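The following points concern the packing and the charged pairs of the structure shown here.

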Amino acid sequence: MTIPLKTSKIKIGNITINSIAALSPLAGVTDFVLRQLIREYSPDCLLVTEMISSEALVQNPDSNITFTNAKESPVSFQIEGHKPELMAKSAKILENKASIIDINMGCPINKIVKGHDGCALMKNPSLARDIVTAVAETVSIPVTCKFRLGWGQDTKNFVEFAQAMQESGAQAVTVHARTRSQLYSGNADWNELSKLRGEIDIPYFANGDIISPETAKKCLEISKADGIAIGRASMGDLSLIYRIEKFINEGLLIQEPDLNTKIEMLKKHLDCEIAFRGEENGIKFFRKFYPCYIKNIRGGGEYRHRLVTELNYDKIISILREIVINGSES
């Protein structure tokens, strides 16, 4: 057993998170079902919803995307937009469901930044300040922000930006260690994140390229962050956050699930999506997850194609049986 790197408790405003790890929001991925399944492994980690449009939420407050239950707590609801008044209204709608309101200032995709949302806010710190202030003054729960190193390699303003968000009322920040111009290419620069240590008084979470317990530990050591946020790697391994927690807190390295275990995870995940959305919608929604669960197996490309084009549940189960029998990991 090794000595833990740091305490597993992180204080965010009046909320104490009893885990060093958090789920990172992924649009169309970190839905109620995925969050519930991760919660079965990790009772303490901070769960975060998929990104919610503030304008859409104000127009439709009872949207299915806001569904949650008491078992999810602590759970952060992430909102996106660029209009302070609408952002505040959407936060108020979510206040009784959420433990924390997170503001998206890091999404790099074109349709978001073209609308002046997401990472575009890093080019307009004054507007970002107004948004945080409006939300923080409207809700009684903690407000946090997620952003990137900056818009481009020559415009990395994340330290000053984090300071501005703290001054405006943010009680924690998560920083994806890439610029907007990188999107998801290249390597996350954890060294850059270490510049935040001592520059802000609120906790910060490091995000980007955390795919295993070992990379989680390395990221914490290099970034000097208070915690870590795990995004895309959670899509094919429901136990990842739990395994990270065990390694950081106890020095216990639990290996990645084998193929049989992953297929069982996949089937449970699929069944839960179908129960939540109905059979046809659940199967269609789940298509994005197949590649994550069966990556690195022999014949993976053919299996992926068959799975993502199949709408019959029994045939999907039959394909999964084939994978268990024939699809050894390469």
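1. A residue is called buried under 20% relative accessible area, exposed over 50%, and partly exposed in between. The model is a predicted one. Lys83, at 37% relative accessibility, therefore counts as partly exposed, and Glu55, at 32%, falls into the partly exposed class as well.

2. Lys83 and Glu55 form a salt bridge in which the closest N and O atoms are 3.5 Å apart. This pair links distant parts of the chain, 28 residues apart: Glu55 belongs to helix α2, and Lys83 to the loop between β6 and α3.

3. A further salt bridge joins the side chains of Glu72 and Arg35, at 2.4 Å from N to O. Since Arg35 sits in helix α1 and Glu72 in the loop between α2 and β6, the pair ties together parts that are 37 residues apart in sequence. Both Glu72 and Arg35 are buried.

4. Arg243 and Asp237 also meet through their side chains in a salt bridge (2.6 Å, N to O). Arg243 is buried, with a relative accessible area of 5%; Asp237 is buried, also at 5%. The salt bridges number 18 by the rule applied, and Asp31, Glu273 and Arg277 are linked in a network of them.

5. The largest nonpolar core has 101 residues, of which Met105, Phe147, Met165, Ile228 and Ile323 touch the most other members. Beyond its neighbours within four places in sequence, Phe147 contacts residues including Met105, Met122, Phe158 and Met165.

6. In helix α11, Gly282, Ile283, Phe285 and Phe286 are buried. They cover an arc of only 165° around the axis, which puts them on the same side of α11. The elements covering these buried residues include α10, α12 and α14.

Technical notes. Residues numbered from 1 in each chain as written. Predicted model: local features only at pLDDT ≥ 70, side-chain atom pairs only at ≥ 80, totals over all residues. Heavy atoms only, no water. Buried < 20%, exposed > 50% of the residue type's maximum accessible area, 1.4 Å probe, protein only. Helix = DSSP H or I, 4+ residues; strand = E, 2+ residues; numbered from the N terminus. Arc of directions from axis to C-beta. Contact = heavy atoms within 4.5 Å. Core = buried A, V, L, I, M, F, W, Y, C linked by side-chain atoms within 4.5 Å. Salt bridge = Lys/Arg side-chain N within 4 Å of Asp/Glu carboxyl O.
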